[in-house]
Amino acid sequence: MIRALIFDFDGLIRDTESAEFEAWRAVYEAHGAELPLERWVLCIGTRGGFDPFAYLEEQVGRSMDRGVARAEQRAQMRRLMEGRGAMAGVEEWVKAARDRGLGLAVASSSDRGEVVRQ
């Protein structure tokens, strides 16, 4: 018997994955560097698979203030996610689950703070 549904956040509830890539690409471009998709895919759904800060530093040939780079990335991310709601079908699944008395949960490899902010 099914008692609950667990939704993955990134890529299912909201399309944060493509927005995050675009936000990091903008940061890289602002520093005269490039972030190829082939490198980025190494971190999707993982922890520690790819360090965008280290790769940016490698591309520009110097260490950077990671706090500033993170702030730039988050500002870009907010801009890209503004006005975007849940992905198609999610609200219907949630409503159907509630109508049937099922429990609901969200799972994510992202930090809790990132999920709550979205």
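This note goes through the salt bridges in a predicted model.

1. **Count.** Three salt bridges turn up when the whole structure is searched. Side chains of opposite charge can pair when their charged atoms come close.

2. **Asp51 and Arg66.** These two side chains form a salt bridge, with N to O at 3.5 Å. The pair ties together distant parts of the chain, 15 residues apart. Asp51 sits in the loop between α2 (37–40) and α3 (52–60). Arg66 belongs to helix α4 (residues 66–81). Asp51 is partly exposed, at 32% relative accessible area. Arg66 is also partly exposed, at 35%.

3. **Glu57 and Arg66.** Arg66 has a salt bridge with Glu57 as well, at 3.0 Å from N to O. Glu57 has a relative accessible area of 16%. Buried means under 20%, so Glu57 counts as buried.

4. **The network.** How are Asp51, Glu57 and Arg66 linked? They are joined in a network of salt bridges.

5. **Lys95 and Asp99.** The side chains of this pair meet in a salt bridge at 2.8 Å, N to O. Both residues lie in helix α5 (residues 90–99). They are four residues apart, so about one helical turn separates them. Are Asp99 and Lys95 buried or exposed? Both are exposed.

Conventions
Residues numbered from 1 in each chain as written. Predicted model: local features only at pLDDT ≥ 70, side-chain atom pairs only at ≥ 80, totals over all residues. Heavy atoms only, no water. Salt bridge = Lys/Arg side-chain N within 4 Å of Asp/Glu carboxyl O. Helix = DSSP H or I, 4+ residues; strand = E, 2+ residues; numbered from the N terminus. Buried < 20%, exposed > 50% of the residue type's maximum accessible area, 1.4 Å probe, protein only.
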